[in-house]
Amino acid sequence: MRRTSTMPSAPKPPTTLSSSTVIADNASLSGTHTIKIGSNTAIHPRTKLFSGNAPITIGNYCILSERSITGYQSAIPDAEKERGGGGVVIGNGVVIEVGAVVEAKEVGDGCVIEVNARIGKGAVLGEHCRVSPLCIVAPEEVVPAYTVIYGDGLRRLDRSGVKGDVKIDMIGRQADVLRRLILSNPAKFQS
Amino acid sequence: MSKKPAKGEYIETDTGNKVSRKCQIIGTTNIILGGKTVIQAEVIIRGDLLRSVPSSSSSINPSPNDKQQSAVAVAIGRYCFFSRGCALRPPGRSTKGVFSHYPLKISDHVFVGPGSVIEAAILGSHVHIGAGVVVGKFAIIKDYVKVLDGAIIPANMVIPSFSIVGGRPARIVGEIAEGEVDGFDLRDLWRSIGNN
């Protein structure tokens, strides 16, 4: 078994969960830094959040799908620590699909990170970006708002589509549906 | 000492399904296996993502077995083969402001390669999906289709019968000739999988 995030006797990380967070019983939260999850955010079963190297902050109305891994997988450099590196910060209305790996410093509001995409360590995604399946954002890269990364690393800007409150509302409805479907057990993760 | 009893990797059911003990099936009551299907280790099947709105046909003409119909999230036919690490997940979308998942239907003799993620609406029979493929939400794949390794099938794409698709995003890159359909039969593959 190659599991880096679930050590046999790993202590539970300090968590701040909202009362309206939907978090599946067999999601995995591990590490030593704080994990903060906002309201109306849904976390599917088998999602991994690893705060062993830096804290994780997830906004409101986000959806994290199974097998996705969020959090720095390796230690952050000292220079970053001195600058008070806040770890992974995910905005509001962000959807992370199956198997995506997110090590970004910042993911802007309304971003969609699709199946098996990888966001490199310390990268910054602007608002309403979309990273298509299997696409890769390099470490430390800064992606401007409204960028669509598709195909074999091609990029374009797309300002169409729903955004703002309408988009948040749509994701909120999805979270409401998931609240009924997913066996939620926030108590297990509360510290 | 009794920690490791003499158990094989697969659980074999009466209908001939061979399900790995290491797979992650969520919401088992909402999954139908047609029989003689192989599910390998680390496969995720999301049976818990049920439809949350009644289908339009049944709301006009409600039938007594309505509840049973709506309680299926993933339907799988006979002689299907799900390789290690693939994920099956019913697609979801918002229509008229209401979000719902919709059933994922898989017919007979469907092969899914390792690490592939399937969020399709319908997979026809004799479909061969390679390794590391992503099938987008509400895609419809008809019978006798070969999807090459690493292909990304966009959401809502409809792939006609006897086509070969590949690329990112996937396009039709070829056709399956009449004589080539023999390789799609998965009966021998099913026989070769077992506890020994």
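Trainee: Which residue of strand 11 of chain B is the bridge partner of B:Gly92?

Mentor: B:His101 is the bridge partner of B:Gly92. Strands here are DSSP runs (E, at least two residues), and helices are runs of H or I with at least four, numbered from the N terminus. A note on the source: this is a predicted model, where local features need pLDDT of at least 70, side-chain atom pairs count only at pLDDT 80 or more, and totals for chains, interfaces and linings use all residues. Residues are numbered from 1 along each chain as its sequence is written, chains are lettered from A and ligands numbered from 1 in the order in which they are written, and side-chain values use heavy atoms, with hydrogens and water left out.

Trainee: How many bridges join strand 10 to strand 11 of chain B, and which way do they run?

Mentor: Two strands pair if DSSP finds at least two bridges between them. Strand 10 (residues 92-95) and strand 11 (residues 98-101) of chain B share 4 bridges and run antiparallel. Their hairpin has 2 residues between the strands, and B:Lys96 takes a positive phi near 50 degrees there.

Trainee: What area do chain A and chain B bury between them?

Mentor: Interface size is often given as the accessible area lost when the parts come together. Here chain A and chain B bury about 2,100 Å² (1.4 Å probe, summed over both). Carbon and sulfur atoms carry 57% of it. In chain A, A:Arg67, A:Leu134 and A:Leu181 lose the most area to chain B, together 26% of what that side buries.

Trainee: How many residues of each chain are in contact?

Mentor: Count contacts as heavy atoms within 4.5 Å. Then 22 residues of chain A touch 27 residues of chain B.

Trainee: How many salt bridges are there between chain A and chain B?

Mentor: Look for a side-chain nitrogen of Lys or Arg within 4 Å of a carboxyl oxygen of Asp or Glu. There are 4 between chain A and chain B. One of them joins the side chains of A:Glu66 and B:Arg89, at 2.9 Å, N to O.

Trainee: Is B:Lys142 buried, partly exposed or exposed, and where is B:Lys142 found?

Mentor: Under 20% relative accessible area is buried, over 50% is exposed, and partly exposed lies in between (1.4 Å probe, protein chains only). B:Lys142 is partly exposed, because its relative accessible area is 41%. B:Lys142 is found in the loop between strand 18 (140-141) and strand 19 (145-147) of chain B. Beyond four places in sequence, the contacts of B:Lys142 include B:Gly124, B:Val158 and B:Pro160.

Terms used
Buried area is the accessible area (1.4 Å probe) that two parts lose on being put together, summed over both.
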